[in-house]
Each structure stands twice: as C-alpha cells, then as structure tokens.
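Visitor: Hi! I'm new to this one and would like a short tour. Could you show it to me?

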Amino acid sequence: MSAGGGTKAIIAALVANAGISVAKFVGFLITGSSSMLAESVHSVADTSNQGLLLLGQKTAQRKATMSHPFGFGRDRYFYSFIVALMLFSLGSVFALYEGIHKLEAHEPLSSPMVAVVILVVAIGLEIYSFRTAIVESQKIKGDATWWQFIRQSKVPELPVVLLEDAGALFGLVLALMGVGLSTITGDPVWDAIGTICIGVLLGVIAVILIVEMKSLLIGEGSAPAELDVITSQLAAGKVQRVIHIRTQYIGPDELLVAAKIALNPGLSIAEVAEAIDDAEQRVRNKVPSARLIYLEPDLDRSLAKS
C-alpha cells in the first residue's frame with residue numbers, strides 16, 4: 001500500500017507541477033512579476049523532485065548483491081534527501097534572492113490580471129495534487145496526527161509530497177497576495193515582499209524535510225508502539241524473555257530485527273530451532289515489514305543468579 005499510494009501521489013504531483021510550471025513561466029514573461037518567477041522556479045524544482053522520487057522507487061527495487069547484501073531500499077531515503085536539498089537551493093534560496101533584488105529595483109507589473117488568472121488555475125491544480133497526497137497518506141497514517149505522520153513515517157515519498165504540496169499552495173496564495181496588493185496600491189514592493197515570504201516558507205519546509213530524511217537515511221528503529229509489539233511477540237511460547245533487541249529500517253517496507261532471547265532451559269537443538277522459527281513467525285504475523293529477523297538464543301542468567 002505504501003509504495004503504490006506513494007507512486008500515485010507522486011504522479012499526481014508530477015502532472016500538476018509540470019502544467020503549473022509552464023503556465024507560471026508564461027505569466028512571468030507577460031507580467032514581469034518576481035512572485036511569478038519564484039513560483040515558476042519552485043514548480044520546476046517540484047516537477048524535477050517528483051522525477052527523483054520515482055527514480056528512487058525504481059532503483060530501490062534492485063536485488064541484493066554481495067556488496068549490498070541488505071538490498072537498496074535506502075535509495076528511496078537518499079533521493080528524498082536530494083529532493084529536500086533541491087527544494088532549499090532551487091526554491092527557497094532563489095526566491096529570497098529574487099525578492100531582495102526586486103526590493104532594490106522596483107519594477108512595475110504589466111498585465112497583472114494574467115498573473116492572477118494563472119495563479120488561481122494553479123491553486124486549483126495544487127489542491128487536486130494535495131488532496132491525492134492526503135487520501136493516500138490516510139491509508140497508512142492511522143490515528144497519528146499529520147505532524148506525527150511526517151515525523152514518524154518510514155515511507156519518505158508521502159511526507160515529501162505532502163509538505164511540497166502544502167508549501168506550493170501557501171506559496172501560490174502568497175504570490176496572489178503580492179500581485180494583488182501591487183495591483184491595488186500601484187506599489188511593486190508588495191510583489192517583492194510576497195516573493196521573500198515564499199522563500200522563507202520553502203526554506204522552513206526544506207529544513208524540516210532535510211532533518212527527517214537525514215534521520216531515515218542514517219537509520220531509524222521501530223517506534224515505541226511497534227517495538228512493544230515485536231518484543232511481546234518474541235517473549236512467548238518457549239521464549240522466557242527478550243534480553244535485548246535492536247531494530248532498524250533498511251528500507252520503507254523492510255525492518256531488520258536483531259535480538260538475544262532467553263529460552264526455557266533443557267531444550268534440545270531441534271526445540272531451540274523450533275522456538276526461534278515460532279518467534280519469527282509471530283513477529284511477522286503482527287509486523288509484516290519485519291522481513292529480516294536474527295535471533296540469538298541464550299539462557300536467562302538473571303534468574304540463575306537470583
């Protein structure tokens with residue numbers, strides 16, 4: 001569900017941003033609005049970003065090799081991290097530069113109504129893309145808040161698309177306000193201020209994504225609730241308790257579980273093997289993403305000491 005939903009949201013965003021970027025560039029050439037130019041570059045960056053996310057999903061499907069025995073699942077984290085960097089450099093920094101430049105050199109807008117019409121149409125397309133991302137995210141979000149979903153999701157594409165679309169919508173509103181106020185007042189400074197606000201907005205979103213994608217790229221373990229489920233499933237049957245456990249997501253849909261478990265004393269080798277197999281199956285039944293499970297059997301020496 002996560003991969004399919006993520007792909008659907010990415011494609012919706014790709015189609016919307018490709019159309020929007022062309023329309024915005026035409027609007028900028030007609031009006032000379034710095035807000036339109038900043039939004040144009042933002043949409044071009046977003047379109048490229050969707051392509052990178054699709055590329056990450058594709059390369060992550062490669063089979064494991066001797067040099068990469070755990071596969072290439074982290075490719076999706078890597079390309080999502082690159083997307084965050086592009087959003088910061090091509091989106092935020094460029095918008096700030098353009099806004100500051102227009103503050104220093106006031107240039108009046110021409111045909112502002114063209115920009116208004118284009119921005120309104122772009123808002124409609126972004127709403128479609130944003131709605132698709134929300135619908136697909138709700139399938140795996142559960143009871144978590146949207147902020148918790150962005151912070152805790154192990155599927156990188158959906159949080160990226162959600163924040164990109166949210167930033168695009170707010171950016172379009174800011175651009176519309178900048179163009180509108182410049183038209184009403186006759187002062188192009190409002191267009192420049194709108195551009196700077198877009199740059200700040202994209203910078204905040206980019207930093208959030210950089211922090212989250214970096215954490216996933218380095219390697220995150222199970223959330224506390226999921227870790228409790230894994231531990232409880234291991235500590236059953238002929239397993240007395242879990243002595244210690246380590247988990248790490250090596251891909252959005254692939255969790256590595258390594259644990260030392262205390263078994264009942266006096267078990268034969270065959271019974272030990274059966275106990276381990278049963279424990280692995282219990283975990284996979286409850287946490288399907290736990291595909292790689294390595295269990296080390298031991299005796300509970302704490303009981304022997306007591």
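This is a predicted model: local features need pLDDT of at least 70, side-chain atom pairs count only at pLDDT 80 or more; totals for chains, interfaces and linings use all residues.

Visitor: Thanks! Where does Phe70 sit?

Guide: Phe70 is in the loop between H2 and H3. The H and S names are DSSP runs numbered from the N terminus: helices are H or I runs of at least four residues, and strands are E runs of at least two. From Phe70 to Val204 the C-alpha distance is 34 Å, and they are 134 residues apart in sequence.

Visitor: Tell me about H2. How many of its residues are buried?

Guide: In H2, 20 of the 26 residues are buried, so this helix is largely enclosed by the rest of the structure. Ala45 is in helix H2, and Ala45 counts as buried at 1% relative accessibility. Between Ala45 and Phe130 there are 17 Å in space, C-alpha to C-alpha, and the two are 85 residues apart in sequence.

Visitor: And what span should H2 have?

Guide: At 1.5 Å a residue, H2 (residues 34–59) should span 38 Å, and its end C-alpha atoms are 37 Å apart, which agrees. The expected span is 1.5 Å times one less than the number of residues in the helix.

Visitor: Changing topic: which residues does UniProt list as "transmembrane region"?

Guide: The unreviewed UniProt entry lists residues 6–30, 77–97, 109–130, 160–180 and 192–211. Those positions are given in the numbering used here, feature names are shortened, and annotations may be inferred rather than shown by experiment.

Visitor: How much helix is there over residues 6–30?

Guide: Residues 6–30 are 100% helix and 0% strand, with end C-alpha atoms 36 Å apart. Residues 77–97 are also 100% helix and 0% strand, and there the end C-alpha atoms lie 29 Å apart.

Visitor: Now the packing. At what angle do H3 and H7 cross?

Guide: Helix H3 (residues 75–104) and helix H7 (residues 189–218) cross at roughly 160 degrees, and their axes come within 7 Å. That makes H3 roughly antiparallel to H7. Axes here are lines fitted to C-alpha atoms, for helices over the stretch in contact, and angles run from 0 to 180 degrees between N-to-C directions. Under 35 degrees counts as roughly parallel, over 145 as roughly antiparallel, 65 to 115 as roughly perpendicular, and the rest as oblique.

Visitor: What about H6 and H7?

Guide: Helix H6 (residues 157–185) packs with H7 at an angle of about 170 degrees, their axes 7 Å apart. H6 and H7 are therefore roughly antiparallel to each other.

Visitor: How far does H6 reach, and what comes just after it?

Guide: H6 has 29 residues and reaches 41 Å from its first C-alpha to its last, close to the 42 Å expected. Just after H6, Gly186 takes a positive phi of about 75 degrees.

Visitor: And H7?

Guide: H7, with 30 residues, reaches 43 Å from first C-alpha to last, close to the 44 Å expected.

Visitor: Last one: where is Gly237?

Guide: Gly237 lies in the loop between helix H8 (224–234) and S1. Gly237 is exposed, with a relative accessible area of 67%. Gly237 and Asp278 are 7.9 Å apart in space, C-alpha to C-alpha, and 41 residues apart in sequence.

Note on methods: Residues are numbered from 1 along each chain as its sequence is written. Side-chain values use heavy atoms; hydrogens and water are left out. Buried means under 20% relative accessible area, exposed over 50%, partly exposed in between (1.4 Å probe, protein chains only).
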